[in-house]
Amino acid sequence: MKASARKAAPGADDLVRFRAVRAAMPALAEGLSTEDLTAQSMPDASPSKWHLAHTSWFFEAMILAADPDYIPVDGRLQQLFNSYYESLGRRVERGERGLMTRPSLDEVMDYRAEIDRRMEARLERGLSGDMESYLFVLGLHHDQQHQELFLMDLLHLMSRSPMDPAAYPVEPRPGGPLQPARGGATRFEGGLVDIGHGDETFAFDNEGPRHRVWLEPFLLDHDLVTNGQWLAFMADDGYRRPEFWLADGWATVKAEAWTAPLYWREDDGVWTVLGLTGRAPVDPDAPVRHISAYEAEAFAVWSGKRLPTEAEWESAVATAPDVFSNLFNEVWQHTASAYAPYPGFRPTEGTASEYNGKFMANQRVLRGGSLATPPGHARATYRNFFYPQQRWAFMGLRLAADAPAAKRPRIEDMETARFRAEMVAGLSQPKKAVSPKWFYDAAGSDLFEDITRLPEYYPTRQEAALLKTMAPRLTAGFGKNAVLVEFGSGASEKTRILLDAAPTLSTYLPIDISPDALNAAAERIANSYPAIEVVPVVGDFLNLPPLPELGRGRRIGFFPGSTIGNLEPQQAIAFLANARERLGPGALFILGVDLVKASDLLVAAYDDAQGVTAAFNMNLLVRANRELGADFDLSGFRHRAIWNADQSRMEMHLEATRDQTVHIGDDRIDFAAGETIHTESSRKFTRDSVTSMAAAAGWTVQGFDVSDDPSVAIALLSN
């Protein structure tokens, strides 16, 4: 796992970022005994003490020692904590790391503190050159990798004790909470697709170069395989039937006497599993963990499906990430792909060239991320790799299948393919629902602007008036060369209020899903504010990639219009947490919210007398007919606006007025009279609910201003 030599300038807040990353592993070690941190359970795992030291050694060996006048903290440690870098001299073999009783744990922590002190002094002077900046970012990601290894290795160590000890009272989940299953699968047309990392943001070198591969049509399950499905495989003698297994896998099953996933045990007919919080009954609804590539292959054969290739996985996730559950936050997902270099692969220059390339043999690729993957570390192009018999990592699987060729092959751009996949997946659920982001083609964006000018629709004018009052106070904290990042920017009208009051702003980065609306708005802003660099980004703000390296000042997120209310509670928290990670340490976030009020005011705002909101809602079907070749009969649906008091939200639905069948390409969707498509929810907030939501995402509410009635609010969040 490693990165290419492309530019990876860390920015002005290197010191804050460094401290945040370096604090994570000692936090994981807190509360563990010295014995917990120094023992080694097997040759593939390392003692926690070694992880704490090696990640410090990396910064010393790769960055600090590049200074010809550098004096090492202790020259002997260069051999002890080198992992596999032949060019840096002798090292202790991996399987013998647990024999190093010296230096002591206290001495390792002293070494770590001294390296942190020296690195902080180096960062205060400023990094020199692209390669040193790159190695710094690489060092941060290397540390995050070892944070995950720390938990993997610790769990294996706990498993070697007959006491079934709990390492923690609550399972550490830096990757985020488990998401509920969605059911079903989505069809992808394949064709000639681009995969691999290809922009200027950080990536390990094995993720590139970006290149093209041919994919036949395929299906990919929305959900991970569960423990309940695995129990059914075991009940059908899955571990005793060689016809399911690869030859090497079957040999491993017999040699290792496998009868269940790692850490499972059967006592009196009840299966239990050991986790970081101790041993507990196997939860049939939870995704299965700790299975090898051999086991994943056998299960796929038994189930009548197969493992996806890594190109299928990446292409599907790039096309329609929202249709899947637990892509990056539960288990690394096995693929059918061998770990090999992409066409045109070149390792990073210098010592770091040993990071990935030399392991490209006899291993299998896993994609996604796990419960132990730190936030901001995973991405769709990430290639993790393990040997096919290994299973102590947080590994699971998501199944694929071949799909029959369509009657007429479709060649679609990425946005249309994503729209099709999410539309079909949403309408195939028992309770039909489609994300409101698909309202916003050019026509939908225009209709929404019309809505904001309706007499019944108070949020826009109330928020604009409040923003004008607050703007001088808000922008006073931006600082020099600030970067304003607007999520779901639309026409960027409210943005002008901030731009007029922010003379120190250097860059405006609007993000919107509609290219037409985005580019038109960006051009207007650029013409009106020639001193500001305008960099429009087409994309879904719910699946934010790393932001371009723009400006050198503070980054300020801007999310007006109570759009946060359109997201489900956990989705809103995930968005704010992701935005916090992307904006970086020291960032601010200006968040507009609508407040709870009388239901008659709310319903009128979402069902106006002129029918503009109804047309906006119906435009979803118009767009599907035009872009996806669907055959929605618009006369068979009507707009409905409902106040859901239990959920504190307004809901918009499209209700079928009769029994009918709709086709989207080759997919058939049946509607019963009265059945609805839930197109939008708009939650209404209180100060307490905003504070709780922000805190769950890692933000602090620094200010909360409320407008005149009918009231809306603007919250200022700080990181």
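Student: With which side chain does the side chain of Y529 make a polar contact?

Tutor: Keep in mind that this is a predicted model. The side chain of Y529 makes a polar contact with the side chain of D500, at 2.6 Å.

Student: Is Y529 buried or exposed?

Tutor: A residue counts as buried when its relative accessible area is under 20%. Y529 is therefore buried, since its relative accessible area is 13%.

Student: Which residues does Y529 touch, leaving aside those up to four places away in sequence?

Tutor: With those set aside, Y529 touches R496, L499 and D500. Take L499 as an example of how sequence and space can be read side by side: Y529 and L499 are 30 residues apart in sequence, while their C-alpha atoms are 8.1 Å apart in space.

Student: What does the side chain of R364 make a polar contact with?

Tutor: The partner is the side chain of E297, and the distance is 2.6 Å. Not counting residues up to four places away in sequence, R364 also touches several others, including A293, L307, Y339, N384 and P388.

Student: How many helices and strands does the protein chain have, if I step back from single residues?

Tutor: The protein chain has 19 helices and 25 strands. Of its 719 residues, 56% count as buried, and among contacts between residues at least 6 apart in sequence, 77% join residues at least 24 apart.

Student: What radius of gyration does the protein chain have, and how should I judge it?

Tutor: The idea is to compare the value with what a compact globule of 719 residues would have, which is near 27 Å; the protein chain has 27 Å, so the two agree. The C-alpha trace spans about 75 × 65 × 50 Å along its principal axes.

Student: How many positive and negative side chains are there?

Tutor: The protein chain has 72 positive and 97 negative side chains, and the centres of these two sets lie 2 Å apart.

How values were computed
Residues numbered from 1 in each chain as written. Predicted model: local features only at pLDDT ≥ 70, side-chain atom pairs only at ≥ 80, totals over all residues. Heavy atoms only, no water. Helix = DSSP H or I, 4+ residues; strand = E, 2+ residues; numbered from the N terminus. Rg over C-alpha atoms; globule rule 2.2 N^0.38 Å. Buried < 20%, exposed > 50% of the residue type's maximum accessible area, 1.4 Å probe, protein only. Contact = heavy atoms within 4.5 Å. Lys, Arg positive; Asp, Glu negative; His and termini not counted. Charge placed at Lys NZ, Arg CZ, Asp CG, Glu CD. Polar contact = N/O pair within 3.5 Å; in protein donor to acceptor, adjacent residues only side chain to side chain.
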